[in-house]
Amino acid sequence: MAKIKRICEFLVERDEDKCIKCQACVRMCSNDVHKYDGEENTIRSESSKCAGCHFCEQLCPTAAITIKKNMYALRENYNWQKEYVYDILRQAETGGVILTGMGCDKKYKNYFDRIVLNASQVTNPSIDPLREPMELKTFIGKKPNSIRFTTQNEEKMLKTEIPPQLELEIPIMFSAMSFGSISLNAMKSLAIAAKKFGTCWNTGEGGLPEQLYPYSDKCIVQVASGRFGVDINYLEKAAAIEIKIGQGAKPGIGGHLPGEKVSAEISRTRIIPEGTDALSPAPHHDIYSIEDLKQLVFALKEVTLYKKIIGVKIAAVHNIAPIATGVIRAGADYVAIDGIRGGTGAAPKIIRDNVGIPVEIAIAAVDQRLREEGIRNQASIIAAGGFRKSSDVVKAIALGADAVYIGSAALISLGCHLCQKCYTGKCNWGIATQDPYLTKRLNPEIGAERAYNLLRAWSLEIKEMLGGMGINAIESLRSNREQLRGFDLNEVELKFLGIKHVGEAW
Amino acid sequence: MVKGKLLIREEYCMGCRLCEVHCITQHSGTKDIVKAYKGKEQKPLSGIYFEEDRHVSFAIQCRHCEEAPCIEACLTGAMYKDKITGAVLHNNEKCAGCWMCVMVCPLGVIKVDIQNRKIASKCDLCITSGFPVCVENCPNEAIVLVDAKGEKIGRK
């Protein structure tokens, strides 16, 4: 059979009347789509190489370039969709696993889109957040079972010792994205924004680069199966420590950073030899049970003198509620749950699209189970995976989460156009790459401002929604499922979400 | 016209060369980007020069020196310092075309422009439009206008 040469997902259209041949597109495309022909003073574009990142389109000074979707030329077939046919063609060519980036893009039911929020009318007053104080402050960590006071010289004193807490100005943090999967400038943008806003960013499993030490007081550091970059300095600098067991995009799968990407800087940060493959095993080889996890949790608590909170990040899988219970009983101060739509820098597509459960159901299930067992106060729940807008955050908190992680949304604020080619390391926006030609395209000053603006915009929107419900503190919304109603959901779904159907009163 | 210094930050220059495109457009007769490049009128020279060596790149224009060698070298007084902004500017009417300014410029940012019959061509800080277009159009803020304290100045 003839070899497949081209699969065009996008069409690059150039308006020749507008094109001034400045060659900005030629110089800027890392996929070599545009080629300049000096003899004929013309630029030709090879659409099959286009990843659909829209960088050239955004940069073109005369708006001469348009990236369009290539219409499906094969005979339409519901079962044999374009993507499946092309994946088979690619696999027949390479014999390999198809890799991808970002989160699951399949048309699974999104429960956030089928939940509506409540608002106050007549029987209780709504609150105007522009005129009255509105509290978004969130504390992550173990809360005491009860609070006792003593009286000293007629003054009430708190007798109960409050365990360490992570103080956040907004219940939104930046997800774990490692140095290696994203560029230093991208990490720096998020770190600056998080510190300025008073929330946390996360190093991911790739260690804490030296240049980001000034922002380490607002940083959650990860201890993952590869143990990259973990030393006492790393643990002591952090605001909190997170043991990464799983990731929503690839539950049960490890990671592999090829040796050629382990540059001097990455090798220093990860504490591994330069040029060697950075392998994250699928499991932690010292954690095969809850008891083993407990040992690591307490080892980390010992080493940081019980001053820092230790969390555990797990992917949302079928047995999530009992697993989360076990994790909390193992001593974790928070459990982060990453749903099926959680993003990644690189994962097998088949895993990303087929493994795991939606985070909405997982939060509800975990919150419910912890309440039933009477241990909900012993740990915070952080939800992650596919938070696209501020209403998703509000709904997640009403379902039982304490805070959420945003990853893709944060990267979109830095310029990401969701082309899903993170794994190639050729990100034109300078985000998911280590190429010095590309990383300098992300100016952390601009990036930090944009990420900060996103947090600010969402915080204003959350306050508006809370005000409408007549609530003036995010604490009062937590697990307040009466504020939610589902529509277009069946009884089983409503049961697992723990919410009523629209039309049903209190 | 705002008073300030142009600061070049090579660490953020991605090498798109859009500063050149916008400089050329700004100094063309029509100030229309497509006409400047494709119209009948001769395209002006860019006042900003792009340099690159592998991934290190930056664009440089006249530094508008405090004590400018080009002003000292000018025979006729065509090269002068604008009293308000401190910009080093060139008066075509007075210029005799000796090109001594081109010779003495330590950065090589004054060019001979024979085609357009402007005898010396250089950055004028976009004094007529009020704000340097290279600063305004740099997609990554690799060229910024800063005040004496180093704070960024935006278009008012």
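Colleague: What is the handedness of the crossing of H8(A) and H10(A)?

Modeller: In this predicted model, the crossing of H8(A) and H10(A) is right-handed, and the word rests on the near helix being turned clockwise from the far one by less than a right angle.

Colleague: Which residues make the contact of H8(A) with H10(A), and how do they divide by class?

Modeller: H8(A) brings Ile320(A), Ala321(A), Ala324(A), Thr325(A) and Ile328(A), while H10(A) brings Ala362(A), Ala365(A), Val366(A), Arg369(A), Leu370(A) and Glu373(A). By class, the contact of H8(A) with H10(A) has 8 nonpolar, 1 polar and 2 charged residues.

Colleague: What makes H4(A) oblique to H14(A)?

Modeller: Helix H4 (residues 184-197) of chain A packs on H14(A) at an angle of about 45°, with the two axes 8 Å apart. Since an angle under 35 degrees would be needed for roughly parallel and 65 to 115 for roughly perpendicular, the value of about 45° makes H4(A) oblique to H14(A). The crossing of H4(A) and H14(A) is right-handed. Among the residues that make the contact are Leu190(A), Ile192(A) and Phe197(A) of H4(A), together with Ala448(A), Tyr452(A) and Leu455(A) of H14(A), and the residues of this contact of H4(A) with H14(A) divide into 10 nonpolar, 3 polar and 2 charged.

Colleague: How do you know that the span of H14(A) agrees with its number of residues?

Modeller: At 1.5 Å a residue, the 26 residues of helix H14 (residues 444-469) of chain A should span 38 Å, and the end C-alpha atoms are 37 Å apart, which agrees. H14(A) is followed by Gly470(A), whose phi is positive, near 80°.

Colleague: What does the reasoning on span give for H3(A)?

Modeller: The 13 residues of helix H3 (residues 82-94) of chain A should span 18 Å at 1.5 Å a residue, and the end C-alpha atoms of H3(A) are 18 Å apart, which agrees. Just after H3(A), Gly95(A) takes a positive phi of about 70°.

Colleague: Why is chain A called as compact as a globular protein of its length?

Modeller: Chain A has 15 helices and 23 strands. Its radius of gyration is 24 Å, close to the 23 Å that the globule rule gives for 506 residues, so chain A is as compact as a globular protein of that length. Along its principal axes, the C-alpha trace of chain A spans about 90 × 60 × 45 Å.

Colleague: Why is chain B described in that way for its length?

Modeller: Chain B has 5 helices and 9 strands. The radius of gyration of chain B is 15 Å, close to the 15 Å given by the globule rule for 156 residues, so chain B is as compact as a globular protein of that length.

Colleague: How many residues does each chain give to the contact of chain B with chain A?

Modeller: The contact takes 16 residues from chain B and 16 residues from chain A. H2(B) gives the most to the side of chain B that touches chain A, with 4 residues, and the residues of that side divide into 9 nonpolar, 3 polar and 4 charged.

Notes: Residues are numbered from 1 along each chain as its sequence is written. Chains are lettered from A and ligands numbered from 1 in the order in which they are written. This is a predicted model: local features need pLDDT of at least 70, side-chain atom pairs count only at pLDDT 80 or more; totals for chains, interfaces and linings use all residues. Two residues are in contact if their C-beta atoms, placed from the backbone, lie within 7 Å. Helices (H or I, at least four residues) and strands (E, at least two) are DSSP runs, numbered from the N terminus. Ala, Val, Leu, Ile, Met, Phe, Trp, Tyr, Cys and Pro count as nonpolar, Asp, Glu, Lys and Arg as charged, and the others, Gly among them, as polar. The expected span of a helix is 1.5 Å times one less than its number of residues. The radius of gyration is taken over C-alpha atoms; the globule rule is 2.2 Å times the number of residues to the power 0.38. Axes are lines fitted to C-alpha atoms, for helices over the stretch in contact, and angles run from 0 to 180 degrees between N-to-C directions. Angles under 35 degrees count as roughly parallel, over 145 as roughly antiparallel, 65 to 115 as roughly perpendicular and the rest as oblique.
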